[in-house]
Amino acid sequence: MITRKCEMCGREFQTASNRAKYCQYCRGEVQIQRNRAYAEKKKSGTSVSIGSEQVCPLCGKTYKVTSGSQKYCTECTSNQKRKKAPPNTGYLKEHYDYIRMNVPKGEREKIKEYADSLGLSVNKLLLIALEEFKENHKDDPKK
Ligand SMILES: [Zn+2]
Ligand SMILES: [Zn+2]
């Protein structure tokens, strides 16, 4: 056994290894700190750095990170927020029934853009279109 001085607390301690730097008390401390440093490094490695390019897990588009907690592209982030606080759901439930509609692949964006260009919501546009259809096909709806 050799006597060494602990690099942490200065206490002398007995050890069989001449590479030992710390006494038995500090060894635990040092290990804890090492673990903590490792955990922090690991954490910062997985968290995104501001200004870096990331792929949005929702839409697959690449986006530039503007804040440390950002997980999705700006578009999806605002969509997520909108989902969390749906506007007037109470009102909608009370006054409307919901129809789930399928549109041909790729048409959704076109319909949205068309509605946008008219200053209407897609919903409104479809309701107006339906009214017009009824108006124009009073006699034979199949024509
Ligand atoms: Zn010590
Ligand atoms: Zn996205």
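Guide: Helices (H or I, at least four residues) and strands (E, at least two) are DSSP runs, numbered from the N terminus. Glu 12 lies in such a run, strand β2. The model is predicted: local features need pLDDT of at least 70, side-chain atom pairs count only at pLDDT 80 or more, and totals for chains, interfaces and linings use all residues. Residues are numbered from 1 along each chain as its sequence is written, while chains are lettered from A and ligands numbered from 1 in the order in which they are written.

Visitor: Why is Glu 12 called exposed?

Guide: A residue is exposed if 12 or fewer other C-beta atoms, placed from the backbone, lie within 10 Å of its own, buried if 20 or more do, and partly exposed in between. Glu 12 has 10 C-beta neighbours inside 10 Å, so Glu 12 counts as exposed. Across the protein, 2% of the 143 residues count as buried.

Visitor: How do you know that β1 and β2 pair?

Guide: Two strands pair if DSSP finds at least two bridges between them. Strand β1 (residues 2-5) and strand β2 (residues 12-15) have 4 bridges, in the antiparallel sense. Lys 5 has Glu 12 as its bridge partner in β2, and Thr 3 stands opposite Gln 14. The hairpin has 6 residues between the strands, and Gly 10 takes a positive phi near 85° there.

Visitor: What does Glu 12 touch, not counting residues up to four places away in sequence?

Guide: Contact requires the C-beta atoms of two residues, placed from the backbone, to lie within 7 Å. By that rule Glu 12 touches Thr 3, Arg 4 and Lys 5. Thr 89 is 77 residues from Glu 12 in sequence and 71 Å from it in space, C-alpha to C-alpha. Among contacts in the protein between residues at least 6 apart in sequence, 0% join residues at least 24 apart.

Visitor: What radius of gyration does the protein have, and what would a compact globule have?

Guide: The radius is taken over C-alpha atoms, and the globule rule is 2.2 Å times the number of residues to the power 0.38. For 143 residues a compact globule would have a value near 15 Å, but the protein has 32 Å. The C-alpha trace spans about 105 × 35 × 25 Å along its principal axes.

Visitor: Which domains does the assignment give?

Guide: Bounds come from an automatic or database domain assignment, which gives domain 1 (2-46), domain 2 (48-85) and domain 3 (87-137). The centres of domain 1 and domain 2 are 40 Å apart, taken over C-alpha atoms.
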